[in-house]
Amino acid sequence: MSYNREAYEQVHAVEQPTEEHKATWSHELIGGAAAFEAMRLYEQKAAKEGKQDDHAFAKEILAGIAGASVDGLIESKGLNFIDREKAKRHATQEAEKLYKERTGYTGGF
């Protein structure tokens, strides 16, 4: 199982984080979870619409979904102690890595 999938499952398994969660959860964990969700949603949409990969479009979509996922996780789980911008940056970077791994794209973003 990938780090991002593990992060996603760990974060979504908890309805209300405890102080213990708050002590161990980081912007990397939240970013990883958001990246996994972004890639999952992007793949579902592409499969549903039967679209070919457009790398520039994928980059924009993944960044948007990853950022929205970070915001949603922080707000729904009361994680105001997480650095939102660091988590968004990490989520975007991880989503781009996942995209490259899953599509074989070797170009830059």
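I began with Glu 43, which counts as partly exposed because its relative accessibility is 32%. The model I am reading is a predicted one, and I keep that in mind for each entry below.

**Entry on the link between α3 and α5.** I looked up the partner of Glu 43 and found a salt bridge with Arg 102, in which the closest N and O atoms are 2.8 Å apart. This pair links distant parts of the chain, since Glu 43 lies in helix α3 and Arg 102 in helix α5, 59 residues apart. Arg 102, at 40% relative accessibility, also counts as partly exposed.

**Entry on the other salt bridges.** How many salt bridges does the structure hold? I find seven. One of them joins the side chains of Glu 9 and Arg 5, with 3.0 Å from N to O; both residues lie in helix α1, four residues apart, which is about one turn of the helix. Glu 9 has a relative accessibility of 35% and so counts as partly exposed, and Arg 5, at 37%, is likewise put down as partly exposed.

I then turned to Arg 84, which forms a salt bridge with Glu 75, the closest N and O atoms being 3.6 Å apart. Arg 84 is partly exposed at 26% relative accessibility, whereas Glu 75 is exposed, with a relative accessible area of 57%. Through salt bridges that share partners, Asp 71, Glu 75, Arg 84 and Lys 88 are joined into one network.

**Entry on a buried charge.** Which side chain of opposite charge is nearest to Glu 96? I looked this up because Glu 96, a residue of helix α5, is buried, and a salt bridge requires a separation within 4 Å.

**Entry on helix α4.** I checked the span of α4 and found that its 22 residues reach 31 Å from the first C-alpha to the last, close to the 32 Å expected at 1.5 Å a residue. Its buried residues are Ala 58, Leu 62, Ala 66, Gly 67, Ser 69, Val 70, Leu 73 and Ile 74. Why do they lie on the same side of α4? They do so because they cover an arc of only 160 degrees around the axis. What covers these buried residues includes α1, α3 and α5. On the face turned away from the buried side I find the exposed residues Glu 60, Glu 75 and Ser 76, and this Glu 75 is the partner of Arg 84 noted above. After α4 comes Gly 78, whose phi is positive, near 65 degrees.

**Entry on the nonpolar core.** I went through the largest nonpolar core, which has 27 residues, and noted that Val 11, Trp 25, Ile 30, Leu 62 and Val 70 touch the most other members. Helices α1 (3-12), α3 (27-49), α4 (55-76) and α5 (84-103) each supply at least two residues of this core, and the largest share, nine residues, comes from α3. Leu 62 and Val 70 I had already listed among the buried residues of α4.

Technical notes:
Residues numbered from 1 in each chain as written. Predicted model: local features only at pLDDT ≥ 70, side-chain atom pairs only at ≥ 80, totals over all residues. Heavy atoms only, no water. Core = buried A, V, L, I, M, F, W, Y, C linked by side-chain atoms within 4.5 Å. Buried < 20%, exposed > 50% of the residue type's maximum accessible area, 1.4 Å probe, protein only. Expected span 1.5 Å × (residues − 1). Arc of directions from axis to C-beta. Contact = heavy atoms within 4.5 Å. Lys, Arg positive; Asp, Glu negative; His and termini not counted.
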